[in-house]
Amino acid sequence: TADTAWNEAAGDYFRAWCDACDVTGTTDFCGLARATVEGWGTDGGPLLVFVRTANGPRLQFVPGNRLQNPGNGADTDRLASGVEIDAAGRAARYHVARWEHAGRSLSTATDHVDAADAVLVANPHLRVPGQHRGTPRLLSVVDRLEAIAQYQEAVDVAARMAAMFCLFITREDPTGTLRSEMNSALTGANAETAAEAAVADARDEIAATPGTITELGLGEGIQSTNPAQPTQAYADKITTDLRIVCADLGVPLPMVLYLFESNFSGNRAGISAAWREVEAEQGYLTHKMLNPVLRFVIGSAVRRGELPVPPGGPADLSNAEWRLPQMPTLDLQHAVTAVKDAVAAGLMTREAALAYLDGPQLRPFLKARGAEIRAEAEAGVVTGAPLQQTVSPTADGNASPAERDGPDGTGDQHA
């Protein structure tokens, strides 16, 4: 608002509320926001329920997979996937399944929440106008991720087998009995009864220890295993599969692997392209979650008498400015130089410069910087002055070697 004092009071109230916003007391507002964004990938987006308690407003986080039709009924023109709409197509109620803590449904019964008392932060991707529920973002790549996991498991098993000393006894007659198995199973060489032979044939594994000598029969041989895994193509296949996954998700592969092998310009270009998508998601999150939550919290504080009425009325609550994370700075010195030039040329305000560098807001920064300058003045520190080199005293006083010896090293300071 135009009232600086009210802005500071409302900001202080909201920051304090963020630490105790969760109705369960298990996380803070940043944790709820992070869980919301993560939910876009797994269940399409959560429902945030506005809860009014004796201690003030709170939020209840409801995972998106708990939204379902009452009685697991079929979708209709007014009810789909737990979202009930009105004649205009706007959300009227949300139906939440009754789940226990272990994540299992207790029954097909649901509890309904009025749309005015909650906000559904659905996944903004893969949506069309009029669609209330979001499609999980990982849905398009889950099959390939499972294929990657199965391939890695197969290679891992083969690698473990290759690390073992494993031999196979082969025979020319597949219907006969291995003599080595019979010798291991039977106590006597001539005790080849039908029952003993059946026991010998049932043995499919022979344990060998150092010094073991096993007699082979006629037609039997030894064959070793060498799976030779992983092969040289293993890394290329995994990288190629991950590139396809990242292309579907719109995320550069280096950001997923935390492996930046390109030069500065190449890395920055990749991050910049991905950050355009992040900025779009930040704008959506601000519109669908942050602003509605702010109006709920500050409005509740005004009704409870904990804050005065905004100077411009409730409409002022829609003009809040959110400082969300900026694109990571790969070269701080380069970024600071660019910001200084932009401010000097009048192309950027100081407040925008602080936001670009992920710094604090301008007003708190100026207040803190002013206090710092006054403290430096009281301590006798000249702001911005370079540190002076300390010269240790010498044997003949406080003169340095250059002062003692003179410019020509003769010790004569005068002409």
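Student: Which residues form a nonpolar patch on the surface?
Tutor: A patch joins residues with over 30% relative accessible area and no salt bridge, like charges within 9 Å and nonpolar side chains (Val, Leu, Ile, Met, Phe, Trp, Tyr) within 5 Å. Here Val 251, Val 256, Leu 257 and Leu 259 form one, with about 290 Å² of accessible area together (Shrake-Rupley method, 1.4 Å probe, only the protein chains shown counting as cover for residues). This is a predicted model, where local features need pLDDT of at least 70 and side-chain atom pairs 80 or more, while totals for chains, interfaces and linings use all residues. Residues are numbered from 1 along each chain as its sequence is written, and side-chain values use heavy atoms, without hydrogens or water.

Student: How many salt bridges does the structure hold?
Tutor: A salt bridge is a side-chain nitrogen of Lys or Arg within 4 Å of a carboxyl oxygen of Asp or Glu. The structure holds twelve. In one of them, Arg 137 pairs with Glu 281, their closest N and O atoms being 3.0 Å apart. Arg 137 sits in the loop between β7 (118-120) and α3 (142-162) and Glu 281 in helix α8 (residues 264-303), so the pair ties together parts 144 residues apart in sequence. Helices (H or I, at least four residues) and strands (E, at least two) are DSSP runs, numbered from the N terminus.

Student: Are Arg 137 and Glu 281 buried or exposed?
Tutor: Buried means under 20% relative accessible area, exposed over 50%, partly exposed in between (1.4 Å probe, protein chains only). Both Arg 137 and Glu 281 are buried.
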